[in-house]
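Open the model in your viewer and keep the sequence panel beside it. This tour tells you what to select at each stop and what is found there.

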Amino acid sequence: MAEKKVNLEDLRNTLPPMLTRKDVSVYLGSLFSVSYLANLNYKGIGPKPTKVGRKVVYLRDDLIKWLEERIQD
């Protein structure tokens, strides 16, 4: 069975420039839950977080870069 290559450019064109943890969960089809992203952030191994006021958000390019680093071919 041929493996499907993941195209993150489609994701780059779809995602808004800034996403909350809940947005990430929704846009990625619940691949990562809000609490899982919070745990990754606490451990320092998640996407690079940015604070807007008291909210943690992820910049689209930081999130995609983090995903690219974790995709296994």
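## Stop 1: the aromatic cluster

Select F32, Y36 and W66, which together make up one aromatic cluster. Before going further, note that this is a predicted model.

Two aromatic pairs are counted in the structure, taking rings whose centres lie within 6.5 Å. Keep F32 and Y36 selected and look at their rings. A pair of aromatic rings is described by the distance of the centres and the angle of the planes. For F32 and Y36 the centres are 6.0 Å apart and the planes meet at 5°, so this pair is stacked. Planes under 30 degrees apart count as stacked.

Now show the surface over these two residues. Is F32 buried or exposed? F32 has a relative accessible area of 13%, so it is buried, the limit being under 20%. Y36 has 40% relative accessibility and counts as partly exposed.

## Stop 2: the sheet

Hide the side chains and switch to a cartoon view. Select the three strands, which form an open sheet in the order β1-β3-β2 with antiparallel pairing. The edge strands are β1 (18-20) and β2 (49-52), and each of them pairs on one side only. From one strand to the next, the twist averages 45°.

Take the two pairings in turn. β1 and β3 are antiparallel and share three bridges. To see a residue pair here, select L19 and look across to Y58 in β3, which stands opposite.

On to the other pairing. β2 and β3 also run antiparallel, and four bridges join them. Select T50 here; its bridge partner in β3 is V57.

Next, follow the chain from β2 into β3. How many residues lie between the strands of this hairpin? There are two, and G53 in this hairpin takes a positive phi near 65°.

## Stop 3

L59 belongs to strand β3 (residues 55-59). With a relative accessible area of 33%, L59 is partly exposed.

## Stop 4: the salt bridges

How many salt bridges does a search of the whole structure find? The search finds four.

Start with D61 and R12, whose side chains meet in a salt bridge of 3.0 Å, N to O. D61 is in helix α4 (residues 60-70) and R12 is in helix α1 (residues 8-14), so the pair ties together parts that are 49 residues apart in sequence. Both residues are partly exposed: D61 has 46% relative accessibility, and R12 has 23%.

E68 is partly exposed, with a relative accessible area of 42%.

E9, R12, D61 and E68 are linked in a network of salt bridges.

Then select E69 and R70. The salt bridge between R70 and E69 has its closest N and O atoms 3.1 Å apart. R70 is partly exposed at a relative accessible area of 40%, whereas E69 is exposed at 53%.

## Stop 5

For the last stop, select V26 and R54 and draw a line between their C-alpha atoms. How far apart are V26 and R54 in space? The C-alpha to C-alpha distance is 21 Å, and the two are 28 residues apart in sequence. V26 has its place in helix α2 (residues 21-27). At 60% relative accessibility, V26 counts as exposed.

Conventions
Residues are numbered from 1 along each chain as its sequence is written. This is a predicted model: local features need pLDDT of at least 70, side-chain atom pairs count only at pLDDT 80 or more; totals for chains, interfaces and linings use all residues. Side-chain values use heavy atoms; hydrogens and water are left out. Rings of Phe, Tyr and Trp (its six-membered ring) pair if their centres lie within 6.5 Å; planes under 30 degrees apart count as stacked, over 60 as edge-to-face and the rest as tilted. Buried means under 20% relative accessible area, exposed over 50%, partly exposed in between (1.4 Å probe, protein chains only). Two strands pair if DSSP finds at least two bridges between them. Axes are lines fitted to C-alpha atoms, for helices over the stretch in contact, and angles run from 0 to 180 degrees between N-to-C directions.
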